[in-house]
Amino acid sequence: MELCIATCQFPVSDDIRKNQHYILRQMRLAKEKSADVIHFPECALGGYAGEDFKSFRGYDWEYLRYATQTVIDLSRQLRLWTILGSNHRLSGSHKPHNSIYIINPHRGIVNRYDKLFCMGTSSTLDLKHYSPGSRFVVVNIKNVPCGFLICHDWRYPELYREYKKRGVKLIFQSWYDGN
């Protein structure tokens with residue numbers, strides 16, 4: 001059970017196209033360095049609501065969907081597992097999730113983790129823009145059971161204990177410190 005992991009950071013912004021450019025470039029570089037998995041911060045592709053842009057009003061969901069597909073396609077081409085932070089649109093008037101897509105290079109998105117503990121209240125910080133998630137996600141990457149957390153989730157040791165109970169050997173903790 002050995003994984004070579006490329007963990008990436010770049011100046012995430014409200015510009016999905018710019019974020020997409022950084023992501024695709026870092027994926028190619030990771031593959032050149034023989035990575036099995038590439039790990040991006042929360043909201044890497046779509047930008048962070050409340051930090052990079054004021055609200056989801058007028059947000060380009062259609063382009064985000066397209067940009068996500070380009071990441072999936074390159075993951076397949078490079079045969080590279082991809083842990084991608086993004087915004088996930090919900091139906092109706094529900095606020096989106098701050099999510100991590102787990103992309104299998106052979107099958108595309110195989111699961112999605114949604115940040116469990118959003119900070120603030122319904123009118124401040126994360127909860128002003130995002131709906132909290134409700135479940136743990138475990139994915140086997142090259143026979144390594146992996147769990148996923150986002151940012152503020154780190155403050156809750158019970159999350160790590162639960163992942164241990166579920167046999168997780170590696171946790172991908174996506175984080176973006178806003179601007």
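Asn19 lies in helix α1, which covers residues 16-32. Helices here are DSSP runs of H or I with at least four residues, strands are runs of E with at least two, and both are numbered from the N terminus. Before going on, note that this is a predicted model, where local features need pLDDT of at least 70, side-chain atom pairs count only at pLDDT 80 or more, and totals for chains, interfaces and linings use all residues. Residues are numbered from 1 along each chain as its sequence is written, and side-chain values use heavy atoms, with hydrogens and water left out.

Is Asn19 buried or exposed? Its relative accessible area is 0%, so Asn19 is buried. The cut-offs are under 20% relative accessible area for buried, over 50% for exposed, and partly exposed in between, using a 1.4 Å probe and protein chains only. Leaving aside residues up to four places away in sequence, Asn19 touches Phe10, Pro11, Val12, Ser13, Ala44, Leu45, Gly46 and Gly47; a contact means heavy atoms within 4.5 Å.

Now look at Cys43, in the loop between β2 (37-39) and α2 (61-78). Cys43 is buried too, with a relative accessible area of 0%. Its phi is near 60 degrees, a positive value in a residue other than glycine. Most residues other than glycine have a negative phi. Asn143, in the loop between β6 (138-141) and β7, also has a positive phi, near 70 degrees. Asn143, though, is exposed, with a relative accessible area of 64%.

Next come the aromatic rings. Rings of Phe, Tyr and Trp (its six-membered ring) pair if their centres lie within 6.5 Å; planes under 30 degrees apart count as stacked, over 60 as edge-to-face and the rest as tilted. How many aromatic pairs does this rule give? The count is 15. One of them is the stacked pair of Phe148 and Phe172, at 5.8 Å centre to centre with 10 degrees between the planes. Phe148 lies in strand β7 (residues 144-150) and Phe172 in strand β8 (residues 170-174), so this pair ties together parts that are 24 residues apart in sequence. Both of these Phe residues are buried. Elsewhere, ring pairs link Tyr48, Phe53, Phe56, Tyr59, Trp61, Tyr130 and Tyr176 into a cluster.

Finally, step back to the whole protein. It has four helices and eight strands, and along the sequence they follow the pattern β-α-β-α-β-β-β-α-β-β-α-β. The C-alpha trace spans about 45 × 35 × 30 Å along its principal axes. Of the 179 residues, 54% count as buried. Among contacts with a separation of 6 or more, 63% come from residues 24 or more positions apart.
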